[in-house]
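The report below concerns one predicted model and looks at charged side-chain pairs and at one helix. Please have the sequence and the coordinates open while reading.

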Amino acid sequence: MSGRDLFCQPRRVRHGAVLTLVFASVLAAGAATGSLPGTDRKSGPGTARSAAPAASAGQHGRNGDVARAAAEAMADGKSPVEAAERAVSRSGDRWGAVYSEGEYEELEAALDGRYTGVGLSARRERDGGIEVSEVRSGSPAADAGIREGDRLRSVDGERVDGRPVTEVVSILRGDAEQEPAGTAVRLGLERGTRAWTATVRRARLSTDPVTVRKLADGLTVVKVTSFTKGVGEQVRDAVAQVPSGAGIVLDLRGNSGGLVTEAVTAASAFLDGGLVATYDVDGDQRALHAESGGDTTRPLVALVDGGTMSAAELLTGALQDRGRAVVLGSRTFGKGSVQMPSRLPGGSVAELTVGHYRTPSGRGVDGTGITPDLEVDPADPAALERARTVLSGLGR
């Protein structure tokens, strides 16, 4: 499994889907109004997103329990956020979460591809160790000499071996209010036989979620690391630049999810209309459809791993079910639930699970993920060679 310090939930790591809350929130907001919001919609604290008119009585009841706990804590002079967190934890909602106003603003900023972090991605190895999988150019991590392949052993003196990668990258990002850009974080690192400590300062960074590589034989690799604002059109533009009939590898390894509207737009690059996914909110069934006019003939391979999450899984499932792509790699993360955001006393925001989405064939994703058509080690450099071979068989 892999992750990056982008869609991470500061401090609230025990609540679950710390890398993909933006996807579920936007999907739920669309269900509340009867249609998905546009990609330029931002729903910060105080906007209509906090009021969900289509939510059922059951959802109001769950929100009510959390809101009551927050209100009672405020009346007693205690932290409403901590009280709400305890209420969500008692509810057994695996993906439920509570955010302070500042934390929620940080998540909303991530919709525009901006975040606070040190600029590295990480993945968990089979032995439980945490390995640096990518270092962003010009980031604090790059300036400190950290390189891909280094082992991350500790963060601020706390050992990270064996911990979930989502928890590790959340610690790297720090608390949005208490540890903003400019605060220092101490990293314990290893490279071969060398062990050292590097102190870096968090910074405001912007993402580069779509990159295109053209390999020597003309094969094009389109890597998408998250579905932030505008990514869907970036994918469509990248595909349009590839010669007609040439094969494409859509690299979704480590993709942490994002805006579902962007994932649907990306699907439209390869599909000529039709179903992308269905979802329910408190039993109310909805559907997501691709736009017409996509390229349905070029050979396509989707490369995934355990860090392929949420909106990226939605896209993968659609391409697989529609027979549009051969999926290579390892089983994806398994985040297919829908959260509804609601305002709490004191300005914090709670997001509770209200439904799930399914692939076009009706497969559930939550807790199971997407099984690839061909299982390969996604971390092995030879994975791209396997993708090349599959593309050749598809008629490159």
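## A pair within helix 2

Asp-65 has a relative accessibility of 45% and therefore counts as partly exposed, the classes being buried for under 20% relative accessible area, exposed for over 50% and partly exposed in between, with a 1.4 Å probe and protein chains only. Arg-68, at 46%, is likewise partly exposed, and the side chains of Asp-65 and Arg-68 meet in a salt bridge with an N to O distance of 2.3 Å; the term salt bridge requires a side-chain nitrogen of Lys or Arg within 4 Å of a carboxyl oxygen of Asp or Glu.

Both residues belong to helix 2 (residues 57–75), where they stand three residues apart and are therefore separated by about one helical turn. An α-helix has 3.6 residues a turn, so residues three or four places apart point the same way.

## Basis of the values

The model is predicted, so local features need pLDDT of at least 70 and side-chain atom pairs count only at pLDDT 80 or more, whereas totals for chains, interfaces and linings use all residues. Residues are numbered from 1 along each chain as its sequence is written, and side-chain values use heavy atoms, with hydrogens and water left out.

Over the whole structure, the search finds 17 salt bridges. One of them joins Asp-150 to Arg-191, with the closest N and O atoms 2.7 Å apart. Asp-150 lies in the loop between helix 5 (140–143) and strand 6 (151–155), and Arg-191 in strand 8 (residues 184–191), so this pair ties together parts that are 41 residues apart in sequence. Asp-150 is buried at 1% relative accessibility, while Arg-191, at 22%, is partly exposed.

A further salt bridge links the side chains of Asp-161 and Arg-153 at 2.8 Å, N to O; here Asp-161 is partly exposed at 31% relative accessibility, and Arg-153 is buried at 17%. Asp-161 and Arg-153 also belong to a salt-bridge network that includes Arg-159 and Glu-190.

## Helix 3

Helices here are DSSP runs of H or I with at least four residues, and strands are runs of E with at least two, numbered from the N terminus. Helix 3 (residues 80–91) has twelve residues and spans 17 Å from its first C-alpha to its last, close to the 16 Å expected, a value defined as 1.5 Å times one less than the number of residues.

The buried residues of helix 3 are Pro-80, Val-81, Ala-83, Ala-84, Glu-85, Ala-87 and Val-88. After helix 3 comes Gly-92, with a positive phi near 80 degrees.
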